[in-house]
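The sequence and structure come first, and the description follows.

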Amino acid sequence: MSDWLKTAIFYEIYPQSFYDTNKDGIGDLPGITEKLDYIKDLGCNALWINPCFESPFFDAGYDISDYKKIAPRYGSNEDMYRLIEEAHKRSIRVLLDLVPGHTSIEHEWFKRSMKSAESKDNPYLKRYIWTETPWENFQGIEHIFGALNGICDRGSVAVNFFSTQPALNYGFANPDKEKPWQSAVDSPEARATLSDIMDVMRFWLSAGCDGFRVDMAHSLIKGDTDYSHVILLWQEIRAFLDEEFPHSVLVSEWGKPDLSLKAGFHMDFLLHFGPSHYVNLFRENPFFSGEARGDLKEFIRYYKKVCKEADGRGLICIPSGNHDMPRISHKLTPHEIKLAFVFILTVPGAPFIYYGDEIGMKYLDGIPPVEGGYERTGSRSPMQWDESPNAGFSAAAPEKLYIQTDTDENRPNVKQQSADSNSILNEVKRLINLRKDNAMLGNMPPIEFITAGEAGEPLIYSRGDGKDKAYIAINPALNAVKAKLSEAVRLVYTLGEKPIISEDGILLQPQSAVVLMGVD
Ligand code: NOJ
């Protein structure tokens with residue numbers, strides 16, 4: 001694993017909504033470059049930028065029509081090279097979003113693959129998964145989302161997500177001999193797809209990017225119910241990267257670290273879907289809300305299991321949110337968001353902060369959907385920089401904005417929160433500094449849960465192995481609670497009212513958190 005990952009703290013940027021420098025109502029790459037000092041000052045040292053490549057934007061850019069070209073609305077390839085250079089000058093790493101599972105229907109590969117009548121040597125005929133007739137679909141085949149039929153004179157084509165996102169053909173785990181359109185994983189067409197995707201990776205890594213967040217990483221091989229084939233595929237990709245770009249980094253959108261880290265990813269996320277119970281932290285019946293009284297039993301059970309199975313192979317990352325789920329603020333008060341950040345910034349793995357969560361931006365429930373965002377659009381609104389029109393995001397007329405801003409006149413913004421020592425922003429900065437100053441709280445040292453995540457109980461865990469340990473205790477409840485901590489401890493951080501520490505334990509105040517260091 002690259003050394004820099006051991007201290008990486010990521011910031012996810014949705015480029016459409018971060019900062020608009022050319023007044024067209026949509027964020028752009030020069031806008032990200034301009035705000036790098038803000039990100040550095042926050043304490044983050046790595047970026048994940050959502051797809052910013054040429055696209056018809058039926059799924060906000062997750063439907064790529066040219067992998068090697070920055071979409072003009074964000075700027076040019078030169079703007080990306082400059083962004084990477086300026087980020088590196090500030091010791092900030094840059095991960096781009098790799099979408100290997102599907103393209104847009106407007107990608108040149110897809111346009112060529114629709115032309116079945118073209119000569120037999122058309123190298124793209126099997127780049128996608130076409131059945132013989134439009135009446136055949138893909139029901140029951142794992143990792144095929146649906147079918148697009150009637151788009152040309154060929155059969156149905158498998159799609160990975162929306163109908164505008166045809167699945168690339170990496171082959172089938174167990175191709176059905178009766179169905180010649182099911183390619184084997186070692187067929188020339190599957191190998192050609194892989195080779196072209198490796199070439200895309202080579203292109204951006206040669207341009208200086210530090211690696212990729214990989215979209216739907218688990219989905220590439222069809223019918224691969226136990227993931228054994230896709231694991232081999234990613235191991236091959238990892239070997240190629242180790243050879244040509246040994247410092248490059250891969251984080252998967254997979255949500256099953258026991259599998260993805262084995263596949264060669266350095267990091268995987270716990271997500272709002274999949275087996276992790278991540279939603280119980282901050283979203284559905286959230287543990288971190290004083291009112292909700294949810295429990296974390298299942299979350300802790302799963303988390304312990306994957307930590308054990310991953311066996312130190314890579315990092316298990318707990319994001320504050322992302323562009324696909326309601327924001328952390330949806331179910332939590334500003335103070336509870338701070339409690340949640342105590343957790344996010346004191347657990348192992350690389351923390352990922354979704355832009356705007358550090359100021360508690362709202363989830364805009366019910367706003368009109370934009371570019372295939374549907375209800376996800378509410379988490380994708382423009383970053384709120386200051387009190388000026390459009391919250392300082394853009395000098396365009398408000399009706400020209402890509403997504404509307406929060407219309408609340410008290411909407412939080414960076415300028416006001418920077419000046420307020422009690423703000424979420426300043427709490428996040430304090431916590432990042434605490435993490436940086438105390439090696440035990442960093443990305444690598446192990447975690448041990450002292451409580452089991454019962455509702456109403458404080459969440460207590462330790463970090464570090466050996467004699468020196470850090471202890472974290474978080475009490476989201478509206479009442480004070482007693483916490484047993486046998487070791488002698490020194491208080492290094494408090495959120496909320498100070499605890500009462502006595503011989504037989506600690507009285508944690510309502511909705512408070514503490515970090516303590518074990519002392520001999
Ligand atoms: C996951 C991405 O995060 C999401 O935004 C996108 O719609 C799907 N994958 C399809 O690419």
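## Basis

A salt bridge here is a side-chain nitrogen of Lys or Arg within 4 Å of a carboxyl oxygen of Asp or Glu. The model is predicted. By this rule the count of salt bridges is 29.

## A helix-to-helix pair

Glutamate 244 belongs to helix H6 (residues 228-244) and arginine 202 to helix H5 (residues 188-206), so that the pair links distant parts of the chain, 42 residues apart.

Partly exposed covers relative accessible areas between the limits for buried, under 20%, and exposed, over 50%. At 38%, glutamate 244 is therefore partly exposed. Arginine 202 is also partly exposed, with a relative accessible area of 28%.

Salt bridges with shared partners also join Asp37, Glu86, Lys89 and Arg90 into one network.

Aspartate 59 forms a salt bridge with arginine 376, and the closest N and O atoms are 3.1 Å apart. Aspartate 59 sits in the loop between strand S3 (53-54) and strand S4 (66-70), while arginine 376 sits in the loop between strand S12 (352-354) and helix H11 (414-419); the pair therefore ties together parts that are 317 residues apart in sequence. Aspartate 59 counts as buried because its relative accessibility is 3%. Arginine 376, with a relative accessible area of 12%, is buried as well.

A salt bridge also joins the side chains of aspartate 97 and arginine 213, at 3.0 Å from N to O. Here the partners lie in strands: aspartate 97 in strand S5 (residues 93-98) and arginine 213 in strand S8 (residues 211-214), which are distant parts of the chain, with the pair 116 residues apart. Both aspartate 97 and arginine 213 are buried.

## Nonpolar cores

The largest nonpolar core contains 151 residues. Tyr11, Leu47, Trp234, Met267, Phe282, Phe288 and Phe343 have the most contacts inside this core.

What is tryptophan 234 in contact with, leaving aside its neighbours within four places in sequence? The residues are Pro100, Val214, Ala217, Leu220, Leu250, Trp254, Ala263 and Phe265.

Terms used. Residues are numbered from 1 along each chain as its sequence is written. This is a predicted model: local features need pLDDT of at least 70, side-chain atom pairs count only at pLDDT 80 or more; totals for chains, interfaces and linings use all residues. Side-chain values use heavy atoms; hydrogens and water are left out. A nonpolar core is a set of buried Ala, Val, Leu, Ile, Met, Phe, Trp, Tyr and Cys residues joined through side-chain atoms within 4.5 Å. Buried means under 20% relative accessible area, exposed over 50%, partly exposed in between (1.4 Å probe, protein chains only). Contact means heavy atoms within 4.5 Å. Helices (H or I, at least four residues) and strands (E, at least two) are DSSP runs, numbered from the N terminus.
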